[in-house]
Amino acid sequence: MSDRYHPSWEPILKPLLKQEFMRNLSAFVQQERKISLVFPPEDLVFNALKLTSFDNVKVVILGQDPYHNDGQAHGLSFSVPNGMALPPSLKNIFAELTTDIPGFISPTSGDLSSWAKQGVLLLNATLTVRAHQAASHQKRGWEEFTDQLIQAISQKRDNVVFLLWGSYAQKKSVLIDHTRHLMLKAVHPSPLSVYRGFFGSKHFSKANDYLLSSNQEPIDWQIR
């Protein structure tokens with residue numbers, strides 16, 4: 001298991017993975033994989049924690065569930081592997097970036113791994129899903145697991161930017177110490193809500209301004 005996440009997460013994950021709810025969750029997911037197709041593949045469930053070390057978390061972008069269609073989920077919120085069609089919410093994220101970050105060119109690839117490697121933790125609240133069944137692994141223990149990760153970041157790191165898009169993500173604000181971190185809230189970038197305040201929110205430039213003000217390297221948001 002430890003080869004699936006960056007070793008800097010070990011002090012947080014080792015005791016967490018021993019808790020009873022995690023044992024129950026693991027048994028549930030293993031059973032699901034026996035009877036159905038589950039996304040993402042087993043080796044990518046903790047991909048967000050592999051590509052972004054705990055010590056390098058600068059920005060957290062919270063999603064809800066992995067994508068549930070074939071080939072989309074690879075363990076990073078809002079991201080899809082290179083070569084996959086861009087989901088609508090990701091298209092809208094790129095559209096906002098083109099108006100927010102000077103010189104940003106909307107990419108054809110939806111692979112956000114380059115963000116993750118710079119310190120953008122792309123964390124879904126639920127880390128697995130049954131194929132073609134949205135929300136099928138909710139309320140099985142993943143939320144408790146990821147809530148504890150958010151709390152650990154809040155308590156042990158300083159000057160992290162939390163991008164909370166939509167009501168579900170914004171409920172997580174109670175886990176975050178607002179005196180130590182920056183929380184930026186907007187509606188979800190889905191086509192149903194994007195015109196109600198996601199477009200024009202300028203969260204990406206605001207995040208970089210905050211990082212610079214706390215003597216951290218800004219994020220290069222361009223996907224190359």
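These legends accompany close-up views of a predicted model.

**View 1. The annotated domain, residues 50-211.** An unreviewed UniProt entry carries the annotation "domain: Uracil-DNA glycosylase-like", and according to that record the domain covers residues 50-211.

**View 2. The largest pocket and the residues that line it.** The largest pocket has a volume of about 560 Å³. Its lining is made up of 31 residues, and those closest to the centre of the pocket are Gln64, Asp65, Tyr67, Phe78 and His188. Strand 2 (59-63), helix 4 (88-100) and helix 7 (167-170) each supply at least two residues of this lining, and helix 7 gives the most, with three residues. When the lining residues of the largest pocket are divided by class, 15 are nonpolar, 15 are polar and one is charged.

**View 3. The largest cavity, with strand 3 and helix 3 contributing to its lining.** The structure holds two cavities of 30 Å³ or more, and the largest of them has a volume of about 80 Å³. This cavity is lined by 14 residues, of which Val45, Ala48, Gly75, Asn124 and Leu127 lie nearest the centre. Helix 3 (47-51) and strand 3 (120-124) each supply at least two residues of the lining, with strand 3 giving the most, namely three. The lining of the largest cavity divides into ten nonpolar and four polar residues, and no charged residue takes part.

**View 4. The second largest cavity and its lining.** The volume of the second largest cavity is about 30 Å³, and the residues that line this cavity are Leu62, Gly63, Asn124, Ala125, Thr146, Ile150, Tyr168, Ala169 and Lys172. Strand 2, helix 6 and helix 7 are the elements that give two or more residues to the lining. By class, the lining of the second largest cavity has five nonpolar residues, three polar residues and one charged residue.

**View 5. Helix 6, residues 142-156.** Helix 6 has 15 residues and reaches 21 Å from its first C-alpha to its last, close to the 21 Å expected at 1.5 Å a residue. The buried residues of helix 6 include Trp142, Glu143, Phe145, Thr146 and Leu149, and Ile150, Ala152, Ile153 and Ser154 are buried as well. Among these buried residues of helix 6, Thr146 and Ile150 also line the second largest cavity.

**View 6. Two aromatic pairs, one tilted and one edge-to-face.** A search of the whole structure finds 14 aromatic pairs. The rings of phenylalanine 94 and phenylalanine 104 have their centres 6.2 Å apart and their planes at 40°, so the pair is tilted. Because phenylalanine 94 lies in helix 4 and phenylalanine 104 in the loop between helix 4 and helix 5 (113-118), the pair ties together parts that are ten residues apart in sequence. Both phenylalanine 94 and phenylalanine 104 are buried. In the second pair, tyrosine 195 and phenylalanine 199 are edge-to-face, with 5.1 Å from centre to centre and 80° between the planes. Tyrosine 195 is exposed, with a relative accessible area of 71%, whereas phenylalanine 199 is partly exposed, with a relative accessible area of 26%. Tyr195 and Phe199 belong to one aromatic cluster together with Phe78, Trp115, Trp165, Phe198, Phe204 and Trp221.

**View 7. Backbone details at proline 40, lysine 139 and asparagine 159.** Phenylalanine 39 and proline 40 are joined by a cis peptide bond, with omega of about -10°, and proline 40 lies in the loop between strand 1 (38-39) and helix 3. Lysine 139 has a phi near 60°, a positive value in a residue other than glycine; lysine 139 is placed in the loop between strand 4 (129-130) and helix 6, and at 76% relative accessibility lysine 139 counts as exposed. Asparagine 159, in the loop between helix 6 and strand 5 (161-165), likewise has a positive phi near 60°, and at 29% relative accessibility asparagine 159 counts as partly exposed.

**View 8. Arginine 224 in the segment after helix 8 (203-213).** Arginine 224 is exposed, with a relative accessible area of 77%.

Key:
Residues are numbered from 1 along each chain as its sequence is written. This is a predicted model: local features need pLDDT of at least 70, side-chain atom pairs count only at pLDDT 80 or more; totals for chains, interfaces and linings use all residues. Side-chain values use heavy atoms; hydrogens and water are left out. UniProt positions are given in the numbering used here, feature names are shortened, and annotations may be inferred rather than shown by experiment. On a 1 Å grid over the protein atoms alone, a cavity is a set of points where a 1.4 Å probe fits but cannot get out, and a pocket is an open set with protein on both sides within 12 Å along at least five of seven lines; lining residues have an atom within 4 Å of a point. Grid points are joined across faces, edges and corners, and a volume is the space filled by probe spheres set on the points. Helices (H or I, at least four residues) and strands (E, at least two) are DSSP runs, numbered from the N terminus. Ala, Val, Leu, Ile, Met, Phe, Trp, Tyr, Cys and Pro count as nonpolar, Asp, Glu, Lys and Arg as charged, and the others, Gly among them, as polar. The expected span of a helix is 1.5 Å times one less than its number of residues. Buried means under 20% relative accessible area, exposed over 50%, partly exposed in between (1.4 Å probe, protein chains only). Rings of Phe, Tyr and Trp (its six-membered ring) pair if their centres lie within 6.5 Å; planes under 30 degrees apart count as stacked, over 60 as edge-to-face and the rest as tilted.
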